[in-house]
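Here's a walk through a protein model, one spot at a time. Have the viewer open and follow along.

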Amino acid sequence: MSNTTPAKRGAVALAFALAAPSGLAAAQSPGVQEPRAMTTTQPASDTLSARQQAIPLIASFMAASDMPRLNTALNQGLDAGLTISEAKEILVQLYAYAGFPKSLNALGELLTVVDARRQRGLQDAPGREPSRPVPTGDALLAAGTANQTKISGAPVRNAVTDFAPVINQYLQAHLFGDIFERDNLDWQSRELATVGALAAMPGVEPQLRSHMAASMRVGLTAAQLRQLTQVLAERGDAQAAKRASEALTQALAAAPRHPSHLQGTLP
């Protein structure tokens, strides 16, 4: 169980409306522990599996509240090997980026899809729940801070977190703690979902750029992320694909100047 209140959890979504300026210096902090959540599902590859391709589409349609296309994407994802638990986890995580109403509506659509498939005689794998309890209290904050630092490439500190430190505490304790400590969905899948959702929402380009860089930190390749943009262009929304492609280009261009890829700016 999390030690954050519903009010605190709702505030997490606000953080993703804040522009995260690139190139800010990382704060100095003591060493962090290695996160316990699993970070990959398979070795690095130049292509996304059918299962992986379904994830950003599900996330994009969820963030756009496009229920008919979300229904199709969920069916395709389950056909491609997503478990019911993984599909639920994707839609639960995305409340922190797109808000509770969209997450709840999308979960309702998933329930409709699962019931309809069951009536047609399809037996989708239920998947598994997290293998261990999420820590609480100070241990939760420490785990979330370690996860955030690893994914961001450096301790996160910028003008926004200096101005409102509590928003980063919510991010560390809840998003990177409560959510990212749940090991029933790997970090590559979580980043594919985050990129898909952010690409569907105009006005959050700095966060999208940061998560393109974060995707490479958790093991996705530039070639896989280019394929993600193609999947969005061919099967999703053209504007979302354009935003994703531009964000990837910017993240790759920044890499030679900043080896950790926009380190310290991840929202």
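Let's start at Ala 244 and what surrounds it. Leaving out residues up to four places away in sequence, Ala 244 touches Ala 199, Leu 208, Met 212, Thr 229 and Leu 232. This is a predicted model, by the way, so read every number here as computed from predicted coordinates. Ala 244 sits in helix α13, and its relative accessibility is 0%, so it counts as buried; the cut-off for that label is under 20% relative accessible area. Another residue to look at from here is Arg 226: it is 18 residues from Ala 244 in sequence, and the two C-alpha atoms are 8.8 Å apart in space.

Helix α12 covers residues 222-235 and helix α13 covers residues 238-254; their axes come within 8 Å and cross at roughly 165°. Anything over 145 degrees counts as roughly antiparallel, and α12 and α13 therefore fall into that class. Their crossing is left-handed. Which residues make the contact? From α12 come Ala 222, Leu 225, Arg 226, Thr 229, Leu 232 and Ala 233, and they meet Ala 240, Ala 241, Ala 244, Ser 245, Leu 248 and Leu 252 in α13. Sorted by class, that contact has 9 nonpolar, 2 polar and 1 charged residues.

Stay in α12 for a moment and pick out Gln 224, which is also found in that helix. Is Gln 224 buried or exposed? With a relative accessibility of 2%, it counts as buried. Setting aside its neighbours within four places in sequence, Gln 224 is in contact with Ser 45, Asp 46, Thr 47, Leu 48, Gln 52 and Gly 219.

The axes of helix α2 (residues 50-63) and helix α10 (residues 187-199) come within 7 Å and cross at roughly 40°. That angle makes α2 oblique to α10. The crossing of this pair is right-handed. The split by class for α2 with α10 is 7 nonpolar, 5 polar and 1 charged.

Follow the chain out of α2 and you get to Ser 65, in the loop between α2 and α3 (67-79). Check its backbone: Ser 65 has a positive phi of about 55°, although it is not a glycine. For context, most residues other than glycine have a negative phi. Ser 65 has a relative accessible area of 38%, so it is partly exposed.

Val 92 belongs to that accessibility class too: its 34% relative accessibility makes it count as partly exposed. It has its place in helix α4 (residues 84-93). Not counting residues up to four places away in sequence, Val 92 touches Ser 103 and Leu 107. The C-alpha atoms of Val 92 and Leu 104 are separated by 8.0 Å, with the two residues 12 apart along the chain.

One more helix pair is worth a look. Helix α7 (residues 137-152) and helix α9 (residues 165-179) have axes that come within 7 Å and cross at roughly 90°, so α7 and α9 are roughly perpendicular to each other. The α7 residues here are Leu 140, Leu 141, Ala 143, Gly 144, Thr 145, Asn 147, Gln 148 and Ile 151; they meet Asn 168, Gln 169, Leu 171, Gln 172, Ala 173, Phe 176, Gly 177 and Asp 178 in α9. Classes in this contact come to 7 nonpolar, 8 polar and 1 charged.

Now zoom out to the whole chain. How many helices and strands does it have? The count is 13 helices and 0 strands. Of its 267 residues, 52% are buried. Among contacts with a separation of 6 or more, 83% come from residues 24 or more positions apart. Finally, the accessible surface comes to about 11,200 Å², and carbon and sulfur atoms hold 56% of that.

Terms used:
Residues numbered from 1 in each chain as written. Predicted model: local features only at pLDDT ≥ 70, side-chain atom pairs only at ≥ 80, totals over all residues. Heavy atoms only, no water. Helix = DSSP H or I, 4+ residues; strand = E, 2+ residues; numbered from the N terminus. Buried < 20%, exposed > 50% of the residue type's maximum accessible area, 1.4 Å probe, protein only. Contact = heavy atoms within 4.5 Å. Areas by Shrake-Rupley, 256 points an atom, 1.4 Å probe, with all protein chains shown as cover. Axes fitted to C-alpha atoms, helices over the stretch in contact; angles between N-to-C directions. Parallel < 35°, antiparallel > 145°, perpendicular 65-115°, else oblique. Nonpolar A, V, L, I, M, F, W, Y, C, P; charged D, E, K, R; others polar. Left-handed = near helix turned anticlockwise from the far one by under 90°.
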